Amino acid sequence: QVSAQILAFFSLLLLAAQRKEIDAVLEPFLLSPETLREVKNKMRTELEYGLKRETQGSATVKMLPTYVCGTPDGTEKGKFLALDLGGTNFRVLLVKIRSGRRKSVRMYNKIFAIPLEIMQGTGEELFDHIVHCIADFLEYMGIKGARLPLGFTFSFPCKQASIDKGTLVGWTKGFKATDCEGEDVVDMLREAIKRRNEFDLDIVAVVNDTVGTMMTCGYEDPNCEIGLIAGTGSNVCYMEDMKNIEIVEGNEGKMCINTEWGGFGDNGCIDNIRTEYDKEVDEGSLNPGKQRYEKMTSGMYLGEIVRQILIDLTKRGLLFRGQISESLRKRGIFETKFLSQIESDRLALLQVRQILQQLGLDSTCEDSIIVKEVCGAVSRRAAQLCGAGLAAIVEKKRENRGVEHLQITVGVDGTLYKLHPHFSRVLQETVKELAPWCDVTFMLSEDGSGKGAALITAVAKRLRNIDKYLYAMRLSDETLIDIMARFRREMKNGLSRDFNPTATVKMLPTFVRSIPDGSEKGDFIALDLGGSYFRILRVKVSHEKKQTVQMESEIYNTPEDIMHGSGTRLFDHVAECLGDFMEKQQIKDKKLPVGFTFSFPCRQSKLDEGVLITWTKRFKASGVEGADVVKLLNRAIKKRGDYDADIMAVVNDTVGTMMTCGFDDQRCEVGLIIGTGTNACYMEEMRHIDLVEGDEGRMCINTEWGAFGDDGSLEDIRTEFDREIDRGSLNPGKQLFEKMVSGLYMGELVRLILVKMAKEGLLFEGRITPELLTKGKFETKHVSAIEKSKEGLSKAKDILTRLGVEPSHEDCVAVQHVCTIVSFRSANLVAATLGAILCQLRDNKGVGRLRTTVGVDGSLYKMHPQYARRLHKTTRRLVPDSDVRFLLSESGSGKGAAMVTAVAYRLAEQHRGG
Ligand code: G6P
Ligand code: G6P
Ligand code: BGC
Ligand code: BGC
């Protein structure tokens with residue numbers, strides 16, 4: 001307080017004219033509340049641009065995905081190496097993390113210098129120097145032999161495609177090494193380690209300092225979802241909802257976004273508040289025109305702005321007796337620490353003069369007052385601007401959470417924030433002012449970014465082990481597009497007369513020529529056999545004013561011994577159930593038309609004939625393959641003699657589904673099943689169907705895509721687990737695509753992976769239980785439960801506990817990850833084959849953009865919490881020139897089968913009548 005008085009006193013001594021001129025120079029540094037609000041709003045707009053696919057390319061705030069998907073939860077453990085490059089100090093650290101009740105982090109570190117000529121030399125020199133420092137540290141710690149996992153804090157903007165890849169977008173701050181921009185810095189580090197050939201490291205993660213800081217603070221406070229750096233440079237990161245990040249796959253959960261807000265204003269949007277001094281500083285920097293916001297807010301530049309103002313004031317004769325000294329000409333003399341000292345309230349003016357003296361600036365008392373004032377104006381503006389930017393982030397978080405009042409913690413680091421006497425206060429006041437509905441706690445990071453980087457490395461290493469394990473199951477878009485092209489060829493072969501006999505994808509004509517047109521009516525029976533349930537239905541379609549459908553149904557058990565016994569027994573069973581149903585419906589005396597949904601591949605030469613090509617899924621009754629199932633059923637009914645039935649149509653469940661959905665949406669021309677099995681049908685042009693006479697109109701083709709790959713064409717993407725599933729199945733060597741996709745196999749696929757991982761000590765601390773070893777114990781419905789976004793982990797715990805293993809939290813996370821990979825692969829594969837069908841439809845119609853509806857059914861699609869969304873998203877990505885509506889079939893295939901039967905019945909009546 002005393003010094004403030006002295007300051008006031010001396011100020012009076014300044015000449016009024018001088019005073020006026022100085023005020024005029026500093027005036028542009030005073031930002032009104034409206035201006036700050038405007039800055040906040042502009043920042044908010046730029047954040048959105050950076051997140052959107054279309055605007056992201058030209059956005060100045062780059063919003064870089066970091067592939068860090070959660071904050072620490074205390075289960076991280078292990079011994080890690082960390083590098084911390086890009087701030088004031090370059091550090092190498094050893095970080096030991098203990099989890100559980102005695103959770104703790106111990107760190108050992110050493111600071112190394114990076115000479116200017118290396119910062120601005122060649123990339124190779126820079127990375128060789130880094131590796132030299134690591135070698136020194138490993139030597140010093142006596143751990144040169146251990147191949148430790150490494151987390152690399154690299155405090156520059158990097159484009160990441162995964163946690164362990166980072167392409168340098170552009171150097172900032174004081175770095176300008178050649179041949180690095182556009183390169184992967186992890187590769188550069190790896191190569192430098194190889195060049196040195198003295199030790200090896202496992203580089204697991206590359207992290208921005210903001211992210212490291214958020215994680216360091218997040219370890220203590222789980223509410224910390226923002227990381228702020230106000231140091232040499234300026235930047236912020238925060239946890240964003242995946243659904244808002246358009247350029248990254250997936251919608252569930254969150255990912256940390258490194259905003260790189262330093263580039264804010266590079267498009268000129270804040271030029272109205274940039275002063276001539278700011279422009280001067282920019283022109284003299286290593287990266288002119290770039291990082292304009294950073295250059296107004298961070299430690300590296302504030303001193304420079306001050307220097308430019310002092311030069312101007314000196315030129316005007318208001319300072320240093322009008323003499324621009326050598327020292328004042330020197331770039332970078334005002335480091336953050338000097339700035340902080342000069343502005344300290346505790347410092348007497350004499351001491352300020354001493355500091356200026358140290359910097360080679362000979363000052364009078366008046367000079368030192370003016371210098372102090374200039375520093376104050378510049379740093380205050382910096383803190384306010386930073387606060388306005390942060391308010392935009394906080395506001396976005398509040399909107400994401402959909403709350404009126406947000407409570408959040410911001411982890412902060414950086415010399416400016418830590419050393420400057422007023423910066424943090426002004427920053428916090430500004431945030432409060434501009435985001436009054438948010439309760440923001442600022443938490444200073446005590447241990448730097450290295451700790452956070454190690455925590456990230458701990459998690460990434462575990463997941464990477466799994467990813468590495470399941471690498472072959474993660475299909476890139478490139479692969480999916482390739483699979484789409486392969487399937488398109490398969491379709492072509494199946495349709496052609498010459499190739500059909502040897503084709504694996506059979507492309508079976510169904511003799512269904514159109515979707516329902518609204519004129520169908522009558523009273524029908526539908527049988528529905530082949531999915532999870534055997535169902536018999538009565539479907540009444542009436543026509544008073546508008547078409548209405550009334551359905552009653554009954555589910556019948558089909559014991560395994562019947563599915564696997566003789567064909568005669570199976571059809572006797574079906575006939576018996578039908579008899580029971582007719583009895584209950586009191587229609588045993590009637591001869592109602594019957595539609596038979598039979599969900600297996602059948603060759604048809606007319607609607608009421610279906611020669612089973614091969615059993616699939618759970619069925620394996622003898623003597624049926626090669627026979628007409630309509631005949632077999634008729635025979636079984638005749639044999640009983642207690643009722644009669646008129647089987648008019650055999651339809652596949654895909655066809656039934658397309659017809660069911662077509663009843664509600666005339667545009668429906670594809671039927672898709674993702675259930676016990678998988679398959680699709682679609683409306684093909686007659687002229688493309690060689691196997692059926694005639695070229696007019698269209699016919700529904702049952703693709704039987706489950707058999708895709710049976711000729712070896714998918715071997716490159718099948719894994720050891722897929723082969724094991726096949727070996728243990730009822731139909732080895734067949735339906736290979738189906739076995740990678742559908743519900744009958746998915747749970748088992750996960751189980752096989754878990755067993756192998758446990759055996760290798762990657763899960764459950766190596767424990768394996770008899771339950772875990774039992775085929776079928778892990779079901780697809782368990783996969784669905786574990787992938788639920790909220791209760792998923794607790795479900796995992798329950799399910800695994802029931803299998804006798806005592807899972808840790810980490811185990812649950814890992815198992816969830818396995819489930820995600822397996823189910824994601826399934827959705828991706830279906831997107832590829834469906835994509836091929838959509839392309840065929842588009843080409844058939846000769847339109848640039850396809851508009852169509854896909855009718856969908858099946859337990860996996862319906863029950864899995866994420867499946868449908870993933871399938872839709874990937875499909876739209878693979879076939880961008882389309883508007884596809886996915887319509888869930890609410891009433892099963894039975895309704896559709898009745899529609900087909902209705903048309904057949906009408907035609908038969910006409911025939912009989914005419
Ligand atoms: C963190 C880090 C540094 C980082 C710095 C920012 O704690 O560990 O590597 O870049 O803070 O501060 P500075 O002021 O050094 O740029
Ligand atoms: C449809 C049918 C079933 C069919 C099933 C596929 O709605 O009516 O008979 O096979 O869906 O699903 P699922 O999961 O039962 O195999
Ligand atoms: C870099 C950021 C970094 C920040 C703080 C900026 O210059 O572009 O990546 O987080 O400085 O160190
Ligand atoms: C069958 C198909 C059926 C699909 C879905 C496959 O195993 O071969 O005919 O559409 O399962 O139920």
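Predicted model: local features only at pLDDT ≥ 70, side-chain atom pairs only at ≥ 80, totals over all residues.

Q: What makes Asp84 a polar contact of ligand 1?
A: A polar contact is a pair of N or O atoms within 3.5 Å. A polar side-chain atom of Asp84 sits 2.4 Å from an oxygen atom of ligand 1, so the pair falls within the cut-off.

Q: How do you know that Thr88 and Thr232 belong on that list too?
A: Run the check again. From an oxygen atom of ligand 1 to an N or O atom in the Thr88 side chain is 2.6 Å, and for the side chain of Thr232 the value is 2.6 Å as well. Both count, because the limit is 3.5 Å. As for cover, ligand 1 exposes 380 Å² when taken alone, and the protein buries 93% of that.

Q: Which residues come closest to ligand 1, and how many surround it?
A: The shell holds 13 residues, and the closest are Asp84, Thr88, Thr232, Asp413 and Thr415. Sorted by class, that shell has 9 polar, 3 charged and 1 nonpolar.

Q: What makes Ser532, Thr676 and Asp857 polar contacts of ligand 2?
A: Their distances do. Asp857 has a polar side-chain atom 2.2 Å from an oxygen atom of ligand 2. For Ser532, a polar side-chain atom lies 2.6 Å from a ligand 2 oxygen, and an N or O atom in the side chain of Thr676 is 2.6 Å from one. Each pair passes, because the cut-off is 3.5 Å. On its own, ligand 2 has 380 Å² of accessible area, of which the protein covers 93%. Around ligand 2 there are 13 residues, with Asp528, Ser532, Thr676, Asp857 and Ser859 the closest.

Q: How do you know that Ser155 makes a polar contact with ligand 3?
A: Here a backbone atom is involved: a polar backbone atom of Ser155 is 3.4 Å from an oxygen atom of ligand 3. That still counts, because the pair only has to be within 3.5 Å. Side chains take part too: a polar atom of Lys173 is 2.8 Å from a ligand 3 oxygen, and an N or O atom of Asn208 is 2.8 Å from one. The protein covers 99% of the 310 Å² that ligand 3 has as accessible area on its own.

Q: Which classes make up the shell around ligand 3?
A: It has 8 polar, 4 charged and 3 nonpolar residues. Of the 15 residues there, Thr172, Lys173, Asp209, Glu260 and Glu294 come nearest.

Q: What makes α13 roughly perpendicular to α15?
A: Helix α13 (residues 336-343) packs against α15 at about 115 degrees, with the axes 9 Å apart. The perpendicular range is 65 to 115 degrees, which makes α13 roughly perpendicular to α15. This time the crossing is left-handed.

Q: And why is α29 said to be oblique to α31?
A: Between helix α29 (residues 809-845) and helix α31 (residues 867-878) the angle is about 45 degrees, and their axes are 8 Å apart. An angle under 35 degrees would be roughly parallel, and 65 to 115 roughly perpendicular, so α29 ends up oblique to α31. α29 passes α31 in a right-handed crossing.

Notes: Residues numbered from 1 in each chain as written. Chains lettered and ligands numbered in written order. Heavy atoms only, no water. Near = heavy atom within 4 Å. Polar contact = N/O pair within 3.5 Å; in protein donor to acceptor, adjacent residues only side chain to side chain. Areas by Shrake-Rupley, 256 points an atom, 1.4 Å probe, with all protein chains shown as cover. Nonpolar A, V, L, I, M, F, W, Y, C, P; charged D, E, K, R; others polar. Axes fitted to C-alpha atoms, helices over the stretch in contact; angles between N-to-C directions. Helix = DSSP H or I, 4+ residues; strand = E, 2+ residues; numbered from the N terminus. Parallel < 35°, antiparallel > 145°, perpendicular 65-115°, else oblique. Left-handed = near helix turned anticlockwise from the far one by under 90°.
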